Amino acid sequence: MIGPTGKQHHSAAAWEPAWLRRSIAITAAAFLALFLLLPLAAVFAEGLRRGWGVFAASVASPDALSAIRLTLVTAAVAVPLNALFGILAAWALARFRFPGRSVLAAMIDLPFAVPPVIAGLIFVLLFGSRGWLGGWLSERGIQIIYAPAGIIIATVFITFPFVARELIPLMREQGSDEEVAALSLGAGWWQTFRRVTLPNVRWALLYGLILCNARAMGEFGAVSIVSGHIRGETNTLPLHVEILYNEYDFAGSFAAASLLASLAVVTLIVKSLVEWKVRRDRAAAAAEEH
Amino acid sequence: MPRRLTGRLLPWSPLPGFGLSLGATLLYLSVVVLIPLSTLVFKTAEMTWGDFWATVTAPRVVASYKLTFGAAAAAAAVNAVFGTLVAWSLVRYRFPGRRILDAMVDLPFALPTAVSGIALTAVLAPNGWLGTHLERIGVKAVFSPLGVCIALIFVGLPFVVRSVQPALEDLDAEIEEAALSLGAGPFATLRRVILPTLAPALLTGVTLAFARGLGEYGSVIFISGNMPMRTEITSLLIVTKLEQFDYAGAAAISVVTLTLSLGVLLALNLTQRLLSRGR
């Protein structure tokens with residue numbers, strides 16, 4: 001769910017002596033610098049170690065470009081599909097009461113609990129040449145495993161809950177009064193959805209989309225199982241990073257990794273902006289009520 | 001149709017779309033998640049009990065459980081301490097760069113795991129920024145169980161910080177002040193007032209980090225060196241079985257791993273319910 005409730009804590013309550021406060025803050029900052037900042041900086045430093053020319057050449061190589069293309073296509077399928085599903089699931093779960101609702105909500109989160117490697121394995125068992133549907137598919141000349149289709153399917157599985165889990169708690173909290181009012185005033189269902197529901201959840205939706213996209217473009221474990229690592233065909237950007245790394249082409253590997261790291265940084269910035277905006281809106285709404 | 005259904009079975013709702021949205025959700029969930037997951041069970045069921053048991057208790061597999069469990073538990077313990085300190089600083093103190101640090105905490109969620117893996121390896125390798133210093137004092141952080149643990153600390157950190165943060169924000173300053181003004185020392189206030197309030201959130205964060213560690217793959221395989229019996233995690237063993245076309249073996253180990261990690265999460269869920277009922 002989007003961040004904490006927007007309460008601002010009172011630093012006046014800190015009873016810790018100044019020296020203790022300072023040591024806690026310094027320890028925490030040092031820990032974050034050591035464990036988060038340093039590895040992030042290392043990606044860019046290693047990527048640029050042999051200069052911009054090498055960096056540009058490896059990012060613009062045909063294999064890298066084809067990996068970028070497949071990564072973009074994968075996200076372009078998985079994100080809208082899971083957004084559509086997320087909206088439908090949120091409507092069913094947050095607007096109606098029915099038996100088994102909490103079980104269904106738990107099942108939607110299931111892919112988060114499945115280790116990435118297992119997420120890949122199940123699709124090999126399903127679509128692989130020796131899988132359940134393998135024979136049927138190969139008779140018809142359809143290949144899913146070791147083909148882009150498998151990568152997309154595994155990514156859809158992995159990113160399945162992102163949008164739904166942002167929308168469900170928010171829509172439940174908002175209640176359905178505004179929608180009922182719109183309907184009773186004669187608005188159609190589409191109009192109600194587009195003019196009432198969607199605007200009310202737009203920031204949570206954006207938040208879910210950003211996280212879903214970051215994971216769709218960055219997924220590694222599940223995708224590496226179903227990909228087969230065929231250059232120029234079934235490599236996404238994270239797999240490209242792995243292949244070059246295992247071939248000791250560190251400059252190329254870290255150059256591709258810096259693209260993904262930049263995506264992560266942009267994701268974090270947009271995410272923080274959305275959180276900041278939501279906090280501000282909530283604070284404004286709370287002030288209006290008083 | 002939905003109205004008739006809601007009229008009898010369910011509380012009536014004036015909103016449309018119940019049948020459509022629930023039907024679509026169930027269909028999509030089944031096709032994308034439930035049916036694929038069920039293949040694990042069916043594939044494993046093709047094995048005899050003896051084969052299954054021999055596969056999941058082979059020495060190399062057991063060594064990988066020990067490593068994965070031990071490293072995930074150690075990483076969760078480190079994160080329990082440092083994650084709480086990070087959350088504490090972010091919520092209670094104001095200092096320059098706080099917002100940036102706050103945003104940075106989610107980096108392990110946002111950074112693809114393969115990138116995390118090679119980045120940590122680069123920093124900790126004997127010629128890396130930290131590795132040179134570690135080597136001088138005789139610590140081997142790559143291609144060792146320590147490396148696995150460091151990778152799991154990295155991926156687990158946000159779980160602890162993001163669980164503890166809201167609990168710290170909800171901490172009632174007045175109760176803290178009351179405890180202090182009634183003569184409780186800072187240590188007693190911490191132990192009697194703050195820690196009990198924090199404990200459920202901390203437990204949640206630590207358990208989520210632990211469960212994530214059990215299944216982690218991308219960030220670990222580059223730093224661990226993947227030596228059988230020594231630094232081979234269970235996820236990698238599943239991949240190895242698959243590469244040898246031993247599908248049933250891969251499925252069997254997966255069933256064990258998945259049962260353990262779902263079991264941990266289920267236990268967390270039940271504990272949370274018990275705790276909230278106790279209040």
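**Exercise 1.** How many residues of chain B are in contact with chain A, and with how many residues of chain A?

*Solution.* Keep in mind that we are working with a predicted model. Start with the count: 79 residues of chain B contact 80 residues of chain A. Next, look for the main contributor on chain B: helix 2 (residues 18–45) gives the largest share of the side that touches chain A, with 14 residues.

**Exercise 2.** Work out how helix 6 of chain A and helix 13 of chain B are oriented to each other.

*Solution.* First take the geometry: helix 6 (residues 116–127) of chain A packs against helix 13 (residues 234–243) of chain B at about 25°, with axes 10 Å apart. Angles under 35 degrees count as roughly parallel, so these two helices are roughly parallel to each other. Their crossing is left-handed. Now find the residues in contact: Val117(A), Ile118(A), Leu121(A) and Val124(A) from helix 6 of chain A, and Ser235(B), Ile238(B), Val239(B) and Leu242(B) from helix 13 of chain B. By class, that makes seven nonpolar, one polar and no charged residues.

**Exercise 3.** Now stay within chain B and describe the packing of helix 7 and helix 9.

*Solution.* Helix 7 (residues 113–124) and helix 9 (residues 145–170) of chain B pack at about 125°, their axes 11 Å apart. Helix 7 of chain B is therefore oblique to helix 9 of chain B. The crossing of these two helices is right-handed. On helix 7 of chain B, Ser116(B), Gly117(B), Leu120(B) and Leu124(B) meet Gly147(B), Ile150(B), Ala151(B), Phe154(B) and Val155(B) of helix 9. Sorted by class, this contact has six nonpolar, three polar and no charged residues.

Notes:
Residues are numbered from 1 along each chain as its sequence is written. Chains are lettered from A and ligands numbered from 1 in the order in which they are written. This is a predicted model: local features need pLDDT of at least 70, side-chain atom pairs count only at pLDDT 80 or more; totals for chains, interfaces and linings use all residues. Two residues are in contact if their C-beta atoms, placed from the backbone, lie within 7 Å. Helices (H or I, at least four residues) and strands (E, at least two) are DSSP runs, numbered from the N terminus. Axes are lines fitted to C-alpha atoms, for helices over the stretch in contact, and angles run from 0 to 180 degrees between N-to-C directions. Angles under 35 degrees count as roughly parallel, over 145 as roughly antiparallel, 65 to 115 as roughly perpendicular and the rest as oblique. A crossing is left-handed if the near helix is turned anticlockwise from the far one by less than a right angle, and right-handed if clockwise. Ala, Val, Leu, Ile, Met, Phe, Trp, Tyr, Cys and Pro count as nonpolar, Asp, Glu, Lys and Arg as charged, and the others, Gly among them, as polar.
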